[in-house]
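Please consider the structure shown below. The paragraphs after it lead through its parts in turn.

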Amino acid sequence: MTAPSRPVVGVAALSAGFGDRTALRDVSLALEAHAVTAIIGPSGCGKSTLLRCLNRMHELGAGAWVRGRVTLDGDDLYGPDVDAVQVRRRIGMVFQRPNPFPTLSIRDNVAAGLDLNGFARAERDDRVEAALKQAALWNEVADRLNRSALALSGGQQQRLCIARALAVEPEVLLMDEPASALDPIATARVEELIHELKDRLTLIVVTHNMQQAARISTRTAFLYMGELVEYDRTEALFTNPKERRTEDYVTGKFG
Amino acid sequence: MGTSLPARRRLARRRLERTGDTLYRDALAAFGMSVAAALGIVAAESAKLAAPALRRFGIAFVGSTQWDPTADRFGALPFLAGTVLTSAEALALALPVGLGAAIFLSEMAPARLRAMVRFPIEMLAAIPSVIVGLWGLFVLAPIMRTRVEPLLARTGLPILSGTPVGVGLLAAGVVLAVMVLPTLTSLSLDVVGAVDRAQREGLYALGATRWEVIRRGVLPAAKSGLFGATVLALGRALGETMAVAMVVGNSPDMPHSLLATGGTLASVIANEFTEAVSDLHEAALAELGLVLLALTLLLSIGGRLLLRRSVR
Ligand SMILES: Nc1ncnc2c1ncn2[C@@H]1O[C@H](COP(=O)(O)OP(=O)(O)O)[C@@H](O)[C@H]1O
Ligand SMILES: [Mg+2]
């Protein structure tokens with residue numbers, strides 16, 4: 001495996017699970033800055049768990065435990081005096097099912113993260129507009145920012161959630177199967193968006209769709225039963241896998 | 001010409017099912033209607049019983065502060081005020097405690113504790129009100145008289161002035177709070193627990209603290225359900241009879257302070273009906289019943305309207 005040139009997120013000997021169950025076993029990898037890294041693998045192999053360990057969301061689950069090291073720009077995210085809340089402000093997350101806040105307007109949804117820190121009105125509006133533009137949603141919602149977020153289509157809701165995450169200007173954006181609940185057209189828009197966003201930040205995208213991984217990512221990690229089987233440049237991983245299990249998976253022998 | 005035997009059988013069964021559906025729907029409609037009818041009958045019977053008082057006092061009955069059965073003077077205001085004051089006090093006490101407990105159990109306590117206390121809380125709701133009344137009379141009232149009321153009287157607020165006697169509106173409000181608390185807590189726990197996990201995670205992922213998740217995610221999403229739980233609790237408090245009658249002090253005077261003795265619509269009906277001194281007295285008590293009925297109807301209708309507006 002060739003190492004990424006500019007690593008920003010480092011994962012070392014990471015294991016995690018729930019109670020006496022291990023969902024992730026001794027995973028180590030370095031994630032490249034301003035690139036899209038895809039995490040693939042069959043359902044239940046630990047993709048979400050890995051992602052949620054990166055922004056310390058995993059520990060919110062009942063009985064959850066984590067061992068090992070995660071670093072962001074050299075900072076140990078699980079260090080003794082590191083606040084998980086601060087970690088989550090630096091590493092944003094978008095979920096599989098769009099989860100806009102139902103009682104808030106489109107504007108207030110995007111500003112939800114800003115409101116936690118209290119921004120002045122003018123700057124708040126500017127940031128909302130910028131985030132909506134980055135999420136390629138501005139043109140569709142500019143004239144109805146005060147409407148409920150629930151009035152949007154599923155694809156728009158997901159881009160709203162992306163805008164919401166972008167508004168707090170994170171360094172890394174985690175996406176857990178961000179398009180799996182969307183129709184093909186909405187999926188294409190989200191993929192396009194992922195492409196544009198990598199100039200701005202580092203993206204880590206979980207997907208169970210191998211074509212999608214091939215389209216959007218520069219590097220791909222293949223997880224199987226909680227272990228990292230192979231991690232390489234996406235093209236190499238798909239065309240010339242080094243591991244037998246990777247080959248079987250990418251050629252569709254199981255999944 | 002033939003539809004085959006199985007086809008005909010299928011048809012027959014389909015028809016039977018359709019008849020079943022219709023029957024079921026009609027039965028449901030009948031049940032629904034019978035509830036409304038029962039309410040109507042109760043109201044009509046009460047009105048018939050109250051007719052002499054209705055004729056004599058009319059609507060002025062509601063605004064009159066006099067209640068003197070021996071002088072044939074009857075007015076509902078002291079009891080209306082007693083009902084509203086004790087219920088409001090009960091909510092003011094029970095709401096923060098019940099909501100706080102529900103939020104603590106749902107958002108902070110480990111799942112095991114939540115499962116452990118859930119059943120006991122629901123059991124508390126099943127304590128007969130006469131038992132709570134006994135507790136109010138023999139345990140609560142002495143404490144109120146010797147400790148709580150002297151302290152409150154020192155605030156100098158008019159609503160808390162008077163001689164500490166233990167029994168009275170204040171004690172009745174506490175008893176009501178105790179009675180609605182279990183239901184309020186367990187309903188709130190249901191409502192808060194039903195808030196989608198994805199909502200909480202959305203906020204956590206933005207860097208919200210646990211408190212921010214509760215305030216900005218859980219509470220707004222649970223708002224209408226919590227409101228419904230509150231209306232239910234208030235409805236129970238308005239109509240509660242036995243426990244209140246035991247601790248409220250049962251005086252017909254217009255209450256000027258929570259420390260005073262008084263009565264509620266429900267408690268005075270229970271206390272005086274079997275010993276009514278005249279037909280007019282009996283009619284006036286029935287009219288109090290009508291006022292209580294109107295109050296609870298108003299509450300549930302008003303609550304529903306407010307709810308509809310808040311949900312949009
Ligand atoms: N809250 C939980 N409690 C217990 N086990 C869980 C929980 N969430 C996930 N798991 C288990 O952890 C393993 C990895 O899950 P996950 O990371 O969600 O997989 P993926 O995202 O690849 O489908 C699975 O075996 C799953 O059953
Ligand atoms: Mg998953």
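Which domains does the domain assignment of chain B give? The assignment, whose bounds come from an automatic or database source, gives domain 1 (5-49) and domain 2 (54-311). This is a predicted model, in which local features need pLDDT of at least 70 and side-chain atom pairs count only at pLDDT 80 or more, while totals for chains, interfaces and linings use all residues. Residues are numbered from 1 along each chain as its sequence is written, and chains are lettered from A and ligands numbered from 1 in the order in which they are written.

Taken over C-alpha atoms, the centres of domain 1 and domain 2 of chain B are separated by 36 Å. Four residues of domain 1 of chain B are in contact with five residues of domain 2 of chain B; contact requires C-beta atoms, placed from the backbone, to lie within 7 Å.

Chain B also meets chain A: 14 residues of chain B are in contact with 20 residues of chain A. On the chain B side, α7 (197-205) and α8 (210-239) are the elements that give two or more residues, and α7(B) gives the most, with six residues. Helices (H or I, at least four residues) and strands (E, at least two) are DSSP runs, numbered from the N terminus.

In chain A, six strands form an open sheet of mixed pairing, in the order β6-β7-β8-β3-β9-β10; two strands pair if DSSP finds at least two bridges between them. Because β6 (91-94) and β10 (227-233) of chain A stand at the edges with a single partner strand each, one side of each is left without a neighbour in the sheet. Within this sheet, β3 (residues 36-40) and β9 (residues 219-224) of chain A run parallel and are joined by four bridges, and A:Ile39 stands opposite A:Ala221 in β9(A).

Notes. Two residues are in contact if their C-beta atoms, placed from the backbone, lie within 7 Å.
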